[in-house]
Amino acid sequence: MEELRSIKVINELGMHAHAAGQIVELAYKYRAKLFLRKDSREVDGLSILSILSLACPKGSEIKARIVGVDAKEFMDDLERLFKSKFGETEQGKYQPRKKIMKMKGFPVSPGITIGKAHHLDRSKTTIFYRKLINKKEIDKEINRFRQAVDMAKEQIQTFKSNITEQVKGYAFVLDTHSMILDDSLLFDSTIQRIKKGKVNAGWALKKSVNNIHHLFKKVEDEYIGRRMDDVDSVSERVLRNLTGVEPDSLAGIKKEVIIVAHSLSPCDIVEINVSHVMGILTDVGGRTSHMAIMSEALEIPVVVGLESATEIIVDGDLLIVDGNTGDIIINPGPDTIASYEEKRKRYNKYKSAVDRVRHLPAETSDGHKITIKANIEFLGETKSAIENGAEGIGLYRTEYLYMIKKDFPDEQTLIDDYSQIAKMVAPNPVTIRTLDIASDKMMTSDSEIGASKEDNPALGLRSIRFCLSERNVFKTQLRAILRASVYGNFRLMFPMISGLGQFLEAKRVLKSVMRSLDREGIEYNREIPVGILIEIPSATSIADILARHADFFSIGTNDLIQYALAIDRDNEHVAHLYEPFHPAVLRMIHQVVEAGNNEGIDVSLCGEIAGDPLAILILLSLGLEEFSMNIGSIPLIKKMIRMLPLREVRDQFKGILQLPTSEKVESFVLKKAQSLLPNIFKEGVFRYRAVGIG
Ligand code: PEP
Ligand code: MG
């Protein structure tokens, strides 16, 4: 006996897993056999995966065929099941759960927002293994791969031409993506794998990406590790082009929502329309991921590294996102909403007050001029630094161009980058730091230099030591810095100097580069100031000696604290011992300031603590008047400085160098801060607390 009937899928979610499961359950109750057909495909009604593979959304027509003795009863029951909408509620998938939950991640863009969750599916494309049989198939597959890569390049170019004003400064990230597509580790090696392994393009590409993952795994530096996000995002784009699977579109979002995604690529950030997207949450990502850096330019709250946001948050959940603290509240109650509405108002008021002063000079209320500059890592951050009120770049970390490609960058690539920054910032100065990289940090496995792996890279062949041992790499960078120096106002700084001999050696290399430029008749700034990044305790001890040979000092507390306290700054097990307010650290800073002042050279500070609202009070009291910091900290620090009477701070902080412990220093400073700047410290809006404080 055979029954045939057409049935319509009328439930919101379509024939999803739960519905398919109920069909299979029903099928097991009858002796007759069920077959379901959509278009030309018919599948077994006892296989949940086969039913799902029919991909039947709401409105689909299905042909049910039942063969066997009890076919009629079975068919009637089946029809009832479809009509019951498989027990789904009217609101379907958009019914939010009412359970209140909290999560915490890394805040990367400040602000508070309240809105509905919208999942963005960025799940990985599934790739199956396929063996290629003959040369014809191999050639065809290589062609397909080339086309998918070309298509990815075109897509990236389209993103670049549609880039919004807010994130324009980050267009270079898209260039990086195009460069990754051309990288032999990705491109050539995938073609080799297709040829030699006789496998399909998707499979070969996945293998190449796994190999790059493997190479990056050896790198302990979080910054370089995050570049893997870029490799993943680019390869995912190629895989989608190969399989023809369209990703969820951001451009399609028309309601005001908070995006919840596993990860977002820089291209996604470029596509975001801030009139619809009120905030962003991601499972993965750290503070230094491109996505995190770029998202700050959107000026909407962003929290990353939530690990399981996409699992816990359901589409349509009501969310509170606090981009200042990283707190997320899912389905909050009315009291919590009211208190966050209040907090949001206060924050917005505070932000517009801070923003109003960002272009005013950082002058204390008793008339002392303090200089505030920005630390940057990429050319793309320059615009944002200027817009946030930086009076120059106090630290350009030049490592980025050395990390994104397998080979060292050539002189012209460096000149192009450096001269653009010089021009953008002029007449204000740019302090350009020479390469601060460890030999084991190089991303390649097969470059001669990158091959050696050190057990203790923080104490190994890094930074100036590396440059002095790899003279050609060093000289190429020095030539580029000197040649770009004619476009603006550069200061040159050598990192990790531990003794006078080393500094003089670095200066000798610089002189020899100058002589060769002279011989070639190439212009450069002969008077370029040459300074030292003071970040090793031996340098603080002999700061008086070094000061006689340097044009300026910049104190790098990030490393100074690590080396002074013997605490690995990247090791979470000892993070609580990384104490920026340790009396030894304060005394070292003071010693350097005194040595610089006695010799009449500029002393500034460019470690992370410069952007910390409590630390800045101590640093001002120790005699520092120039700081370089994280761009996001500039407006608040400027506002604080404009409200501070410097003489009184110095008076009140006398005796700070005698305090015995970090805890005593912190409670002392907090008390003073609350009395000197009650409005700021009452609000507790400290976004950039240095690691280890509080
Ligand atoms: C420092 O060490 O304080 C510094 C400014 O440099 P980096 O954080 O790049 O090591
Ligand atoms: Mg350093």
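Which side chain has an N or O atom 2.9 Å from an oxygen atom of ligand 1? It belongs to Glu535. Keep that residue in mind. One caution first: this is a predicted model.

Let's stay with ligand 1. A polar backbone atom of Thr557 sits 3.1 Å from one of the ligand's oxygen atoms. Asp559 also takes part: a polar atom of its side chain is 3.0 Å from an oxygen atom of ligand 1. On its own, ligand 1 has 290 Å² of accessible area, and the protein covers 95% of that.

Who else is around ligand 1? The shell includes Leu395, Arg397, Arg433 and Asp436. Arg569 and Cys606 are among the others. Sort the shell by type and you get 6 charged residues, 4 polar and 2 nonpolar.

Now look at where they come from. Helix H21, residues 557–565, gives the largest share of the shell, with 3 residues. Strand S14, residues 393–397, supplies at least two.

Next, the metal. Ligand 2 is a magnesium ion. Which residues coordinate the magnesium ion? Glu535 does, through OE, and Asp559 does, through OD, at 2.1 Å. Glu535 is in the loop between strand S17 and helix H19, while Asp559 is in helix H21, so the pair ties together parts 24 residues apart in sequence.

Are these two buried or exposed? The cut-off for buried is under 20% relative accessible area. Glu535 has 2%, so Glu535 is buried. Asp559 has 3%, so Asp559 is buried too.

To wrap up: Glu535 and Asp559 coordinate the magnesium ion. Glu535 also has a side-chain atom 2.9 Å from an oxygen of ligand 1, and for Asp559 that distance is 3.0 Å.

Terms used
Residues are numbered from 1 along each chain as its sequence is written. Chains are lettered from A and ligands numbered from 1 in the order in which they are written. This is a predicted model: local features need pLDDT of at least 70, side-chain atom pairs count only at pLDDT 80 or more; totals for chains, interfaces and linings use all residues. Side-chain values use heavy atoms; hydrogens and water are left out. A residue is near a molecule or strand if one of its heavy atoms lies within 4 Å of it. A polar contact is a pair of N or O atoms within 3.5 Å; within protein, one must be able to donate a hydrogen and the other to accept it, and residues adjacent in sequence count only if both atoms are side-chain atoms. Accessible areas come from the Shrake-Rupley method with a 1.4 Å probe; for residues, only the protein chains shown count as cover. Helices (H or I, at least four residues) and strands (E, at least two) are DSSP runs, numbered from the N terminus. Ala, Val, Leu, Ile, Met, Phe, Trp, Tyr, Cys and Pro count as nonpolar, Asp, Glu, Lys and Arg as charged, and the others, Gly among them, as polar. Donors are N, O and S atoms within 2.8 Å of the metal (3.2 Å for Na, K and Ca); water is not among the atoms, so sites may look incomplete. Buried means under 20% relative accessible area, exposed over 50%, partly exposed in between (1.4 Å probe, protein chains only).
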